[in-house]
Amino acid sequence: MHPPLAEHKHEGCLKAIQALDECHNSGFMNRFTGACNATKAQLDECLKEEFLVLRAENKAKAAAKRAKLEKIWKEMEEPPKSS
């Protein structure tokens, strides 16, 4: 099962989304007989790649945020320097 196919959210997979829509609209039974399975598999692969890219970006952002917080926590734990 794929997520809702909003074209503005999945611009990288636009061609695959349009191909699946065309396949579904080309005949009533195409959706139910498996005639669009290859097209759907291509769309699923595209969405998976898109998800992996977004996950890597989010992981990098989280790591940067965590490092910043750990630096602040370390500064809070250090005793004040005496002059």
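How many residues apart in helix 3 are Glu70 and Arg66, and about how many helical turns separate them? Glu70 and Arg66 are 4 residues apart in helix 3, so about one helical turn separates them. The legends below begin with the basis of the model and then take up each close-up view.

**Basis of the views.** This is a predicted model, in which local features need pLDDT of at least 70 and side-chain atom pairs count only at pLDDT 80 or more, while totals for chains, interfaces and linings use all residues. Residues are numbered from 1 along each chain as its sequence is written, and side-chain values use heavy atoms, with hydrogens and water left out.

**View 1. The disulfide of Cys13 and Cys46.** The structure holds 2 disulfides, a disulfide being a pair of cysteine sulfur atoms within 2.5 Å. One of them joins Cys13 to Cys46, with an S to S distance of 2.0 Å. Cys13 lies in the segment before helix 1 (14-26) and Cys46 in helix 3 (residues 37-77), so the bond ties together parts that are 33 residues apart in sequence. Helices (H or I, at least four residues) are DSSP runs, numbered from the N terminus. The angle about the S-S bond is -100°, and the link of Cys13 and Cys46 is left-handed. Both Cys13 and Cys46 are buried; buried means under 20% relative accessible area, exposed over 50%, and partly exposed in between, with a 1.4 Å probe and protein chains only.

**View 2. The disulfide of Cys23 and Cys36.** Cys23 is joined to Cys36 by a disulfide with an S to S distance of 2.0 Å. This pair links distant parts of the chain, with Cys23 in helix 1 and Cys36 in the loop between helix 2 (30-33) and helix 3, 13 residues apart. The link of Cys23 and Cys36 is left-handed, with -95° about the S-S bond. Cys36 is buried, as is Cys23, which has a relative accessibility of 14%. Apart from neighbours within four places in sequence, Cys23 is in contact with Asn30, Ala35 and Cys36, where contact means heavy atoms within 4.5 Å. With bonded cysteines counted along the chain, the disulfides follow the pattern 1-4, 2-3.

**View 3. The buried residues of helix 3.** Thr39, Leu43, Cys46, Leu47 and Glu50 are buried in helix 3. Helix 1 is included in what covers the buried residues of helix 3. Glu50 counts as buried at 18% relative accessibility. Not counting residues up to four places away in sequence, Glu50 touches Lys9, His10, Glu11, Gly12 and Cys13. Among these contacts of Glu50 is Cys13, the residue that is bonded to Cys46.

**View 4. The span of helix 3.** The 41 residues of helix 3 should span 60 Å at 1.5 Å a residue, and the end C-alpha atoms of the helix are 58 Å apart, which agrees. The expected span is 1.5 Å times one less than the number of residues. Cys23, found in helix 1, and Ile72 are 49 residues apart in sequence and 55 Å apart in space, C-alpha to C-alpha.

**View 5. The salt bridge of Lys40 and Asp44.** A search of the whole structure finds 2 salt bridges; a salt bridge is a side-chain nitrogen of Lys or Arg within 4 Å of a carboxyl oxygen of Asp or Glu. In one, the side chains of Lys40 and Asp44 meet at 3.0 Å, N to O. Lys40 and Asp44 are 4 residues apart in helix 3, so about one helical turn separates them. An α-helix has 3.6 residues a turn, so residues three or four places apart point the same way. Lys40 is partly exposed at 27% relative accessibility, and Asp44 is partly exposed with a relative accessible area of 31%.

**View 6. The salt bridge of Glu70 and Arg66.** The side chains of Glu70 and Arg66 meet in a salt bridge of 2.9 Å, N to O. Glu70 counts as partly exposed at 40% relative accessibility, and Arg66 counts as partly exposed at 47%.

**View 7. A nonpolar surface patch.** Leu69, Ile72, Trp73 and Met76 make a nonpolar surface patch of about 390 Å². Patches are made of residues with over 30% relative accessible area and no salt bridge, with like charges joined within 9 Å and nonpolar side chains (Val, Leu, Ile, Met, Phe, Trp, Tyr) within 5 Å. Accessible areas come from the Shrake-Rupley method with a 1.4 Å probe, and for residues only the protein chains shown count as cover. Met76 is placed in helix 3 and is exposed, with a relative accessible area of 63%.

Conventions
Helix = DSSP H or I, 4+ residues; strand = E, 2+ residues; numbered from the N terminus.
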